[in-house]
Structure formats: C-alpha cells, structure tokens
Amino acid sequence: MLENALKSPYSHLVINHLPIFLLIMGCFLLLFGFLFKNGLVKRLALSLFVFTGIVAFISMNTGEAAEEIVEGLEKASGKFIHQHEEHAETFSLVTYLLSAISLLAMWLSWKKNKRSNALSIGVALMAIFTIYLGVKTATSGGEIMHKEIRKIK
C-alpha cells in the first residue's frame with residue numbers, strides 16, 4: 001500500500017515542500033540552541049536535518065510519477081522539467097550530505113566532544129546553502145506549470 005502511495009503523482013506534490021520547511025525550522029532551532037546554549041535543542045535541530053534527508057529521498061523517488069503526468073499536459077515544457085530535475089538532483093545530494101554531517105555532529109554532541117560546536121556551526125552554514133538550493137529547485141518546479149513565474153530569457 002505504501003509503495004503504491006509513493007508511486008502516485010500526487011505524493012510528489014504533497015511531499016516536495018517538506019524538505020525546505022524542515023531546513024528552515026532546523027536553522028531556527030539551531031540558532032535558538034546556540035543563543036540559549038542548549039545542547040538538546042541543537043540536537044533536535046540536527047535530527048530535523050537528518051529527517052530532511054529522508055524526506056528529500058522520498059520526494060526524489062516520487063518525482064518520476066509526477067513527471068509522467070505533467071509531460072502529457074500541453075502547458076508543461078520539457079525544458080522546464082529537465083531543469084527542475086537537475087536542480088532536484090543537486091539539492092538532494094547536498095541534503096543527503098547535510099544529513100550525514102548532522103548525524104556526526106549529533107554523535108559528537110552526545111559524546112560531549114569539544115568539536116561538536118564547530119561542526120554544528122558548519123552544519124548551520126551548509127543548511128543555509130541547502131535552503132538556497134531548495135528554493136532554486138522549488139522555483140524551477142513551479143515554472144513547469146506556471147508560466148507567470150517563468151523567467152524571461
């Protein structure tokens with residue numbers, strides 16, 4: 001049942017926004033963790049980044065079903081679909097890397113390692129960059145069906 005749900009083109013539309021929202025929430029939580037020097041809040045933020053990688057993986061794997069439907073629509077342009085796929089692949093790979101580094105930062109934090117704070121700062125910077133990639137991916141996805149937001153080239 002779950003496999004069929006993930007192959008639905010609508011699953012992509014439901015799931016694809018979550019990675020960006022999770023990244024933004026994780027950044028705010030990490031900022032609060034630093035401001036209030038709260039390790040638990042920092043680890044919660046890092047766990048959100050790990051979860052973001054899982055959700056990004058699901059989003060990537062539901063994209064094919066959505067692509068098949070969209071390609072049949074007259075309004076859709078193959079050029080925009082390809083552009084979105086390229087952005088999504090980059091975003092996903094960086095998100096997976098962010099998730100792995102976040103796992104390492106969580107482990108160092110639990111071990112009370114002095115490098116955990118420095119790595120968490122690196123994770124925060126990487127998360128901000130990943131949000132930028134997510135916005136590019138989301139915009140390119142919107143351009144597939146919404147001519148009004150397409151850039152004039």
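**The nonpolar core and beyond**

Modeller: The largest nonpolar core holds 18 residues. Leu-23, Leu-30, Leu-46, Phe-49, Leu-98 and Val-123 make the most contacts inside it. Such a core is a set of buried Ala, Val, Leu, Ile, Met, Phe, Trp, Tyr and Cys residues joined through side-chain atoms within 4.5 Å. Buried means under 20% relative accessible area, exposed over 50%, partly exposed in between (1.4 Å probe, protein chains only).

The model is predicted: local features need pLDDT of at least 70, side-chain atom pairs pLDDT 80 or more, while totals for chains, interfaces and linings use all residues. Residues are numbered from 1 along each chain as its sequence is written, and side-chain values use heavy atoms, without hydrogens or water.

At least two core residues come from each of α3 (18–35), α4 (39–71), α5 (78–110) and α6 (116–145). The largest share, 6 residues, is from α6. Helices are DSSP runs (H or I, at least four residues), numbered from the N terminus.

Take Leu-46. Beyond its neighbours within four places in sequence, Leu-46 is in contact (heavy atoms within 4.5 Å) with Ser-102, Ala-105, Met-106, Ser-120 and Val-123.

Now α3 again. Phe-32 lies in this helix. Phe-32 counts as partly exposed because its relative accessibility is 41%.

Next, the loops. Lys-37 sits between α3 and α4, with a positive phi near 50°. Lys-112 sits between α5 and α6, and its phi is also positive, about 60°. Most residues other than glycine have a negative phi. Lys-37 counts as exposed because its relative accessibility is 74%. Lys-112 is exposed too, at 72%.
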